[in-house]
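These are my notebook entries on a structure I examined entry by entry. The sequence and structure come first, then what I looked up.

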Amino acid sequence: MESLIGGLVAAPLLGAAVLLTGGRRLDRSGHWLGTALAGLSFVFAAVLFFDMLGKDAEERTLTSHLFSWVPVEGFQADVAFQLDQLSMTFVLLVTSVGSLIHLYSVGYMAHDERRRRFFGYLNLFMGAMLLLVLADNYLLLYVGWEGVGLASFLLIGFWQHKPSAATAAKKAFIVNRVGDVGLAIAIFLMFTTFGSFAFSAVLDEQVAAGAGQATLTGIGLMLLLAACGKSAQVPLQSWLGDAMEGPTPVSALIHAATMVTAGVYLVVRSADIFNLTPDAQLVVTIVGAASLLFGAFVACAKDDIKKSLAGSTMSQIGYMMLAAGLGPIGYVFAIMHLVTHGFFKAGLFLGAGSVMHAMNDEVDMRRYGALRRHMPVTFVTFGLAYLAIIGFPGLSGFFSKDEIIYAAFAKGGTQGWILGGVTLLGAALTAYYMTRMMLLTFFGEKRWQPDAAGREPHPHEAPRVMTIPMIVLAVGSVGAGAYFSLGERFAHWLEPVTGLGHEEAPLSHGMVSLAATAVMLIGVAGAWAQYGRRPVPLVAPAGRWVTRAARRDLLQDDFNHAVLVRPGNYLTRGLVYVDHKLVDGVVNGTAAAFGGLSGRLRRVQNGFARSYAVSMFGGAAVLVAATLLMRAV
Amino acid sequence: MSSDVSSLVTLAQTEPVFPEIQWAALSPTLIVLGAATLGILVEAFVPRRARYATQLVLSVLALAAAFSAVIVLAVGDYGTSEALIAGAGAIAVDGPALFLQGVLALVALVSVFLFAERRLDPAEHGRPVDSFAAQPAALPGGPAEQQAVRAGWMTTDVFPLLLFATGGMMIFPAANDLLVLFIALEVLSLPLYMLCALARRRRLLSQEAAVKYFLLGAFASAFLLFGIALLYGYAGSLGYARIAAVIGGTPPELDPALAATMGNDALLLIGGAMVLMGLLFKVGAVPFHMWTPDVYQGAPTPVTGFMAAATKVAAFGALLRLLYVVLPGLRWDWEPVLWGVAILSMVAGAVIAITQTDVKRLLAYSSIAHSGFILAGVIAVSPDGVSSALFYLAAYSFVTLGAFAVVTLVRDPQGEATHLSKWAGLGRRSPLLAGVFALFLLAFAGIPLTSGFAGKFAVFRAAADAGAMGLVVVGVAASAIAAFFYVRVIVLMFFSDPQPGGPSVVIPSPLTVSVVGLAAVVTLVLGIAPQYFLDLAGQAGVFVQQAAATAR
């Protein structure tokens with residue numbers, strides 16, 4: 001069984017290797033190869049999953065040691081995998097949603113001449129993510145982490161002929177580097193503190209408790225910084241919106257199955273460290289809460305359907321972060337929300353892709369409208385995912401989100417009320433922006449516009465290869481939450497890894513559900529009042545300053561530009577100046593001095609044997625004199 | 001009156017003393033010198049046509065046999081536990097001597113290939129020509145020379161000359177007696193003076209170089225000889241062990257004839273300094289270096305390669321023995337002086353090389369700087385110092401041979417194109433040759449993965465361990481300066497546009513190819529896996545010394 005874990009990771013990586021080096025002869029079949037290998041990986045995952053179910057809860061962890069990577073005295077790094085319930089959850093999510101997105105891409109990228117390469121990158125993305133969640137030490141995790149960063153860079157910038165895509169890819173990569181540095185520092189700290197970076201050595205309450213509080217907080221905050229980069233949380237959120245420049249399946253993959261979930265994984269995986277450092281935990285909840293609202297506000301203001309969804313992702317990841325920051329009471333629900341979110345966000349993105357496909361790649365929702373008749377399958381699947389994300393009672397989002405809201409209240413005291421309030425406000429905003437999206441896209445009047453080439457859109461349903469994944473995902477969106485929650489199945493499943501805390505909240509479960517449903521209805525009503533009842537203008541009204549700021553991503557880029565880019569530019573310019581004038585001056589001056597000295601000295605070599613003899617005589621005299629002098633002294 | 005013949009003779013009172021000669025232990029040198037003598041006979045008796053082949057085969061066999069003899073001796077532990085003083089106290093057979101003799105035999109063997117190369121110049125009058133003048137005694141450009149060229153004469157004497165020089169060089173580092181040292185010096189120098197004058201092309205420059213070398217060499221020899229005389233006056237003996245014993249304050253017995261001077265420190269110091277000077281001249285250390293560029297430039301390039309590689313090995317060997325065996329008691333006197341010489345050599349060699357425009361002169365100044373680097377290892381006075389200097393010598397000699405071998409290949413109608421401007425863009429026309437030359441330059445500069453780095457590192461580490469940190473700092477700074485002009489040549493070869501009418505690279509015979517190839521391989525092997533050879537040099541790093549009691 002253990003060897004299957006290696007195969008699980010190897011299948012997509014093999015696909016990437018074959019597709020990226022195979023050349024043109026794979027152009028016609030490459031996409032099916034990539035999809036098949038992704039599917040194979042899913043089959044492995046499923047086999048491992050059922051094998052795991054057959055065991056007792058405490059004996060489910062599998063380990064697989066492939067080889068010793070850096071066998072140095074005092075520094076042991078292994079390429080070894082650890083498959084426990086947490087990893088299994090991610091593996092299933094990554095392989096299942098990933099495979100569906102592969103399948104969808106077969107249709108979506110059908111007319112792209114670099115399709116083979118695209119599937120190679122998709123495979124790479126999946127393989128790296130699997131490596132990340134299966135690694136049994138932080139160093140190998142870091143490899144997967146960087147692999148995910150690389151794959152995202154390649155995919156976001158896949159349409160590199162567009163300058164905006166190239167810039168977006170670079171932006172994602174650079175912002176992620178900031179987080180990567182955090183992870184690297186965290187690993188350094190672990191190694192110097194614990195002498196190892198293996199999960200088995202570091203993630204142990206006893207061991208971790210041996211380190212100082214300040215060290216633990218430092219490690220926790222550095223891990224959080226890393227998580228912020230990958231999961232697009234405040235303050236490293238700015239890349240997410242621009243990343244929409246990538247093909248839509250990429251967005252679905254980044255937002256649902258890979259990449260942004262990596263940060264949550266890292267925090268939950270490091271639970272044993274965070275549990276011991278309440279300061280770092282508090283910062284995690286604050287980051288989560290801030291991102292939750294930040295993303296929601298942005299999502300409310302965007303007219304670009306994908307960017308609105310991007311804001312939504314940031315907001316939903318904020319929920320997960322917040323939950324993860326709450327400690328054992330929240331870990332399980334952070335992961336549960338992550339899984340349900342994986343289903344409905346993938347469904348939403350694939351639906352959005354389907355709509356764009358039908359509308360000549362138009363992304364402005366103000367130019368949609370009345371599409372429900374033309375795209376019934378997309379409408380229904382998108383609608384189910386919509387109901388799931390806003391937390392419609394009975395659908396997945398309802399279960400996972402309610403638990404997080406409840407856990408937030410259970411934090412207790414002022415913090416509990418503030419966090420609870422934020423989560424409820426987020427729920428209302430979620431309902432608002434999602435309803436707005438739904439209304440603008442599928443209801444109301446046709447507001448279709450010819451595209452840049454003058455072609456009128458003729459919306460049609462997507463081909464089967466695209467709709468099937470959407471249908472599957474819709475099923476997941478509907479049923480996953482209820483399935484997980486029945487008898488606290490999911491909680492018991494993860495409990496051996498993350499622990500499970502029970503705290504009493506000032507509000508009962510029922511009250512929380514009621515409140516969540518109420519704010520959800522308020523949000524829906526608000527959106528209906530604004531976009532459902534009256535005609536939607538084709539050009540967005542100027543709006544108030546809040547709206548304008550939200551449209552500009554709450555000025556994140558302006559902030560980064562003013563605080564980071566401009567001083568950085570000045571610093572660079574200053575350094576270049578110093579380099580040119582001072583450093584080069586010294587270097588060139590030295591060189592010139594030696595050159596001049598050389599030119600002068602070589603004149604001593606005048607070619608006359610008599611001068612040479614004199615020099616020798618002088619030298620001998622000095623030699624003798626010096627020897628005598630040494631003795632005299 | 002019948003004459004009584006018996007009254008004319010008298011019986012000796014004692015049996016004559018015949019020195020015991022350890023023939024086997026001396027075999028490497030004897031083989032080479034014997035072959036050299038045989039070579040002279042070949043010149044006299046073998047028909048002109050067959051001389052080239054005969055001399056070539058004879059030289060190669062002799063040097064290979066000498067090398068094998070060295071190996072056999074080394075395997076027989078003559079370098080370590082069986083080390084001895086052979087030839088009635090004249091010649092030491094020990095680790096450093098065997099190591100350097102082995103290197104010398106190999107260098108000479110490879111040089112023979114360069115000497116024998118006959119495909120560089122187009123054939124004249126239907127006969128292939130080599131690098132040496134057809135009739136060296138003839139006036140350059142005169143009718144006698146033209147006649148000799150037309151007749152297709154060859155100066156095959158170069159092979160015995162090379163063998164004689166090699167023989168002298170092999171004795172030089174093994175000499176255990178100042179007189180033997182002096183004789184070895186002359187035996188190695190005189191053939192070199194002659195070889196320098198033999199260039200087929202640019203004969204006037206060649207002859208000028210030879211005359212300068214001879215004059216300055218004679219001048220230096222005079223110093224050496226005078227120093228030897230003073231040391232004799234001091235110690236009453238020319239034997240290394242005896243002098244060392246007197247310096248150490250334990251003279252076996254006082255020679256009444258020398259009672260007035262023996263133990264006079266002024267004699268010792270002045271004499272020691274002068275002998276030192278004579279050796280530093282051969283090494284090419286500043287301020288006794290001035291012959292180097294002129295001679296390197298003027299001599300036929302195969303001779304330059306041989307001279308640059310082998311003389312340095314031999315002279316440093318002699319210097320090491322002198323300092324470690326004869327003058328260790330004066331260490332505190334000569335160390336500061338050699339500090340100065342080493343620093344001057346490193347800095348002056350590197351700095352003056354910057355403005356050189358001729359490849360051979362550039363390499364000459366580079367060799368001066370390298371003398372300084374090796375001196376840093378010599379000054380360390382530690383086992384590491386000896387082994388690092390030995391290693392450096394072995395590494396350096398092959399790089400030098402290789403570099404000069406490449407120089408022989410870049411030619412224009414006037415012969416070798418040694419002006420650097422003509423080397424522009426060589427990397428585009430002959431990437432392989434330029435690449436190999438770049439490898440040698442990188443080795444000179446001491447870039448990792450070449451033997452130069454391993455040697456430099458070993459030498460500097462030994463010096464640093466011995467507390468000569470200042471020397472190391474200057475050495476590294478000088479290496480940085482030196483790197484400039486080495487890399488400049490690389491840049492010139494690879495990143496400049498070729499000049500119209502520039503030189504062409506001739507396709508040499510397998511002889512030169514094997515020299516360049518072997519040098520490149522040695523450079524890489526010593527650079528990538530130096531440890532084995534460092535260990536070898538380390539094992540060979542112990543000098544043999546006669547017990548003071550038996551010293552005469």
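**Entry 1**

A:Val583 lies in helix α24 of chain A, residues 556-601; helices (H or I, at least four residues) and strands (E, at least two) are DSSP runs, numbered from the N terminus.

**Entry 1: conventions**

I recorded that residues are numbered from 1 along each chain as its sequence is written, with chains lettered from A and ligands numbered from 1 in the order in which they are written. In this predicted model local features need pLDDT of at least 70, side-chain atom pairs count only at pLDDT 80 or more, and totals for chains, interfaces and linings use all residues, while side-chain values use heavy atoms, leaving out hydrogens and water.

**Entry 2: a helix pair in chain A**

I examined helix α5 (residues 138-156) and helix α12 (residues 260-269) of chain A, which pack at an angle of about 170° with their axes 12 Å apart. Axes are lines fitted to C-alpha atoms, for helices over the stretch in contact, and angles run from 0 to 180 degrees between N-to-C directions. The angle makes α5(A) roughly antiparallel to α12(A) (over 145 degrees). A:Tyr138, A:Leu141 and A:Trp145 of α5(A) meet A:Ala262, A:Gly263, A:Tyr265 and A:Leu266 of α12(A), contact meaning heavy atoms within 4.5 Å.

**Entry 3: a loop residue in chain B**

I found B:Thr418 in the loop between β4 (415-416) and α15 (426-429) of chain B. B:Thr418 is buried, at a relative accessible area of 7%. Not counting residues up to four places away in sequence, B:Thr418 touches B:Arg202, B:Thr357, B:Asp358, B:Val359, B:Lys360, B:Val407 and B:Trp423.

**Entry 4: chain totals**

For chain A I noted 25 helices and two strands, with 56% of its 633 residues buried. Chain B has 20 helices and five strands, and 62% of its 552 residues count as buried.

Methods: Buried < 20%, exposed > 50% of the residue type's maximum accessible area, 1.4 Å probe, protein only. Parallel < 35°, antiparallel > 145°, perpendicular 65-115°, else oblique.
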